[in-house]
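Please keep the sequence and the model in view while reading.

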Amino acid sequence: MSPPPLLAVTDLACGYRGRRVLGGIGFTLAAGDLLCLLGPNGIGKTTLFKTLLRLLPRLGGEIRLNGRDVAGWTAKRFAAVVGYVPQAHVPPFPFSVSDVVVLGRVAHMGAFAAPSRADRLIATQALDLLGARHLAEEPYTEISGGERQLVLIARALAQSPSLLIMDEPTANLDFGNQLRVLGHIRKLVEDSGLAVVMTTHDPNHALHHATRVAALGRDGRLAVGAPTEVVSAAFLRETYGVSCRLAPTPLPGRPEARTCLPGDDPVESLGPRG
Ligand SMILES: Nc1ncnc2c1ncn2[C@@H]1O[C@H](COP(=O)(O)OP(=O)(O)OP(=O)(O)O)[C@@H](O)[C@H]1O
């Protein structure tokens with residue numbers, strides 16, 4: 001019998017007290033998958049993430065990690081498998097970058113224990129992996145937004161998770177930093193077998209970097225599949241109300257890759273769609 005998938009979400013319903021936002025959500029994720037979650041503003045991507053992370057109680061359905069329902073897991077047991085990279089923010093205190101990264105080890109430390117030398121070494125290795133070791137002694141409050149994003153990814157990697165959930169890891173990054181951060185994420189997935197679920201508002205991130213795409217349409221249904229299957233001109237028109245064409249743009253290791261370009265009728269894209 002084949003082993004269960006790393007993450008299996010079945011018939012999941014999410015929302016807030018008295019308000020269901022999404023229902024019937026189902027997908028699986030294996031080690032080495034980079035899944036991009038796409039969908040229009042306000043459709044429920046953050047709500048789904050919060051539910052996967054157990055920050056919001058599920059309204060129905062199941063979330064299984066390695067075949068086990070996560071309901072009732074302690075925070076520590078959950079954090080040993082799942083890491084979370086929030087959008088970069090500036091904390092009120094000027095912690096050093098290495099102190100921020102070593103916080104990722106908390107899930108592996110005893111209650112009230114200080115980080116050990118081994119914990120510090122793992123934190124340094126995580127920074128190394130992302131080419132960010134030179135930042136170790138900098139105050140976290142005085143580095144750039146792109147650097148902060150790398151530091152938050154390093155903190156999540158120091159946690160040694162099997163699954164990383166990333167909320168718009170490229171938001172607020174300039175073009176160069178977007179490419180660098182996405183390149184690092186893809187390399188980690190390819191080299192270490194880490195699985196990643198990330199949101200993005202750029203379909204080209206999904207087309208160029210994801211192994212799979214999960215797209216929430218305006219009807220709240222989730223379509224899951226290969227990037228070029230899911231990100232079609234019809235999906236972009238229905239979801240974002242824009243006319244696009246998908247140009248073949250073979251990339252190293254991805255001969256089937258496409259790039260989303262403005263279509264013939266850009267005026268159609270103006271204004272919200274109901
Ligand atoms: N704390 C809350 N209580 C009640 N409803 C909420 C709460 N937070 C969000 N919502 C509602 O849930 C719906 C989905 O919001 P969510 O933030 O998950 O969307 P999203 O897809 O992440 O949007 P965006 O792309 O704009 O970040 C929206 O209608 C929103 O108003």
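Helices and strands are here DSSP runs, of at least four residues (H or I) for helices and at least two (E) for strands, and they are numbered from the N terminus. In this predicted model, the chain has nine helices and twelve strands.

The overall dimensions come next. For 274 residues, a compact globule would have a radius of gyration near 19 Å, and the chain agrees with this because its own value is 19 Å. Along the principal axes, the C-alpha atoms fill a box of roughly 60 × 40 × 40 Å. Of the 274 residues, 36% are buried. Among contacts with a separation of 6 or more, 65% join residues 24 or more positions apart.

The ligand is surrounded by Tyr16, Arg19, Val21, Gly39, Asn41, Gly42, Ile43, Gly44, Lys45, Thr46 and Thr47. Two elements, β2 (19–29) and α1 (45–52), each give two or more residues to this shell. Helix α1 gives the most, with three residues. By class, the shell comprises six polar, three nonpolar and two charged residues.

Attention now turns to the interior. In soluble globular proteins, nonpolar side chains tend to be buried together. The largest nonpolar core here has 69 residues, of which Val101, Val151, Ala154 and Val196 touch the most other members. Helix α5 (residues 145–158) gives the most to this core, namely eight residues. The core also draws at least three residues from each of domain 1 (1–72 + 161–174 + 182–264) and domain 2 (82–158). Leaving aside residues up to four places away in sequence, valine 101 touches Ala123, Ala126, Leu127, Val151, Ala154, Arg155 and Ala158.

Is aspartate 11 buried or exposed? Aspartate 11 has 11 other C-beta atoms within 10 Å and is therefore exposed, the limit for that class being 12 or fewer. Glutamate 168 counts as buried because it has 22 C-beta neighbours inside 10 Å, where 20 or more are required.

Note on methods. Residues numbered from 1 in each chain as written. Predicted model: local features only at pLDDT ≥ 70, side-chain atom pairs only at ≥ 80, totals over all residues. Rg over C-alpha atoms; globule rule 2.2 N^0.38 Å. Contact = placed C-beta atoms within 7 Å. Near = placed C-beta within 6 Å. Nonpolar A, V, L, I, M, F, W, Y, C, P; charged D, E, K, R; others polar. Core = buried A, V, L, I, M, F, W, Y, C linked by C-beta atoms within 7 Å. Domains from an automatic or database assignment.
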